[in-house]
Amino acid sequence: MSPEPVSVVIPTYNRAHLLPRAIESVVDATLPGDEILIVDDGSQDNSEEVVASFQRRTPDRIRFLRAAHGGAGPARNVGVRAARNPLVAFMDSDDEWMPDGLHLHRTILGHRRDVVFSFANLCLRMPNGTETPHNMVNWHHDTRSWDEILGRGVPFSTVAPLPAGRAEFRFHVGDMYLRELERDYISMITLVVRRELAGDALRFPDDLPIGEDKECLGRLSARGPAAWLDCDTAWNWGHDGPRVSDANTPTQVENWLIFLQRIWGSDPAFLQKHGDLYAEVLARQYCKRAQWLLVRGRTREAREDLRRARTSPLSYRLLAALPGFMTKGLLGMRRLLSRSVA
């Protein structure tokens, strides 16, 4: 059976200096019949020239799409709408695919036609050359085995021969909907989605500056089983440029609260079964923002978040009852003492 063709969506914004590495890795990983959709999110650098140099080398594979500057979510939507192939994969313009990664995903999706999407581990690579393999655990901090998280694993070699140089690994198939409520298990640069099964769930919100991937992943997880490949398929590069993770705590919490309520909070069947867990996850977000507010002496706002959390640490409630200048001074002194002891 011929491998299903893939459309790879790469949003980018003012990263002409990083784009060549990302594009080169995707070109090396794709096959004739695949397409690479580079969506320029209103860049003001020479990104288009960089893409044009690759188009001259592979004119039948690379498409350049312009979009008004709106962030990664809207840019990815432009790419998804333009995609022509049954499988859609995602890549970031500052990262890099491993040469055999897409082949591994395509093989598992070909073997399990009921799987809505596959995802995998990644390796953190720093500019000085240091690497941290299997780095996703540092995102989700869940140290359980994937047999317990998702389902009993199956060796890849029982499905297809391993690529040269690739060590044996297991893949796991199961339900990620509940898991994604609690933690971040999925990186976009390792995601491959089957469009037919995903349907209109494969879309990103236009109104969230960060977390748009989390909302999409929650929606996709509700559509059916997912496959986890317990191996690295991409390099996540560290660099000094701007990243989505640079957003401050209030912005992060606000966006988390929005998509939690849109996805799991609007699912009556889910809430009937897991309502207590949903409330616990919401409370953690409110407490996280309250902590940030207390450090800055904004006790009135912190009290409101603690009220919404319903359950919160006693120490937070006591600090929130103090005048803002006292809370700021106390917590500032505590941080200063902690640094001096360290």
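These legends walk through a few close-up views of a predicted model.

**View 1. A nonpolar patch on the surface around F325.** F325 teams up here with M326 and L330, and together the three have about 330 Å² of accessible area. F325 belongs to helix α14, which covers residues 324-341. With a relative accessible area of 66%, F325 is exposed.

View 2. Most residues other than glycine have a negative phi. Look for H141 in the loop between α5 (137-140) and α6 (146-149). H141 counts as exposed, at 54% relative accessibility.

**View 3. R310, another residue with a positive phi.** Phi of R310 is near 70°. R310 sits in the loop that joins α12 (299-309) to α13 (314-320), and at 78% relative accessibility it is exposed.

**View 4. A salt bridge between E24 and R57.** The two side chains meet at 3.0 Å, N to O. E24 is in helix α1 (residues 19-29) and R57 in helix α2 (residues 47-57), so this pair links distant parts of the chain, 33 residues apart. E24 is partly exposed, at 28%, while R57 is exposed, at 51%.

**View 5. R223 meets D200.** Their salt bridge comes in at 2.5 Å, N to O. R223 is in the loop between α9 (212-221) and β11 (226-237), and D200 is in the one between α8 (195-198) and α9, so the pair ties together parts 23 residues apart in sequence.

**View 6. A network of salt bridges.** E254, R289, E304, D305, R307 and R308 are linked here. Across the whole structure, a search finds 29 salt bridges.

Conventions. Residues are numbered from 1 along each chain as its sequence is written. This is a predicted model: local features need pLDDT of at least 70, side-chain atom pairs count only at pLDDT 80 or more; totals for chains, interfaces and linings use all residues. Side-chain values use heavy atoms; hydrogens and water are left out. Patches are made of residues with over 30% relative accessible area and no salt bridge: like charges are joined within 9 Å, nonpolar side chains (Val, Leu, Ile, Met, Phe, Trp, Tyr) within 5 Å. Accessible areas come from the Shrake-Rupley method with a 1.4 Å probe; for residues, only the protein chains shown count as cover. A salt bridge is a side-chain nitrogen of Lys or Arg within 4 Å of a carboxyl oxygen of Asp or Glu. Helices (H or I, at least four residues) and strands (E, at least two) are DSSP runs, numbered from the N terminus. Buried means under 20% relative accessible area, exposed over 50%, partly exposed in between (1.4 Å probe, protein chains only).
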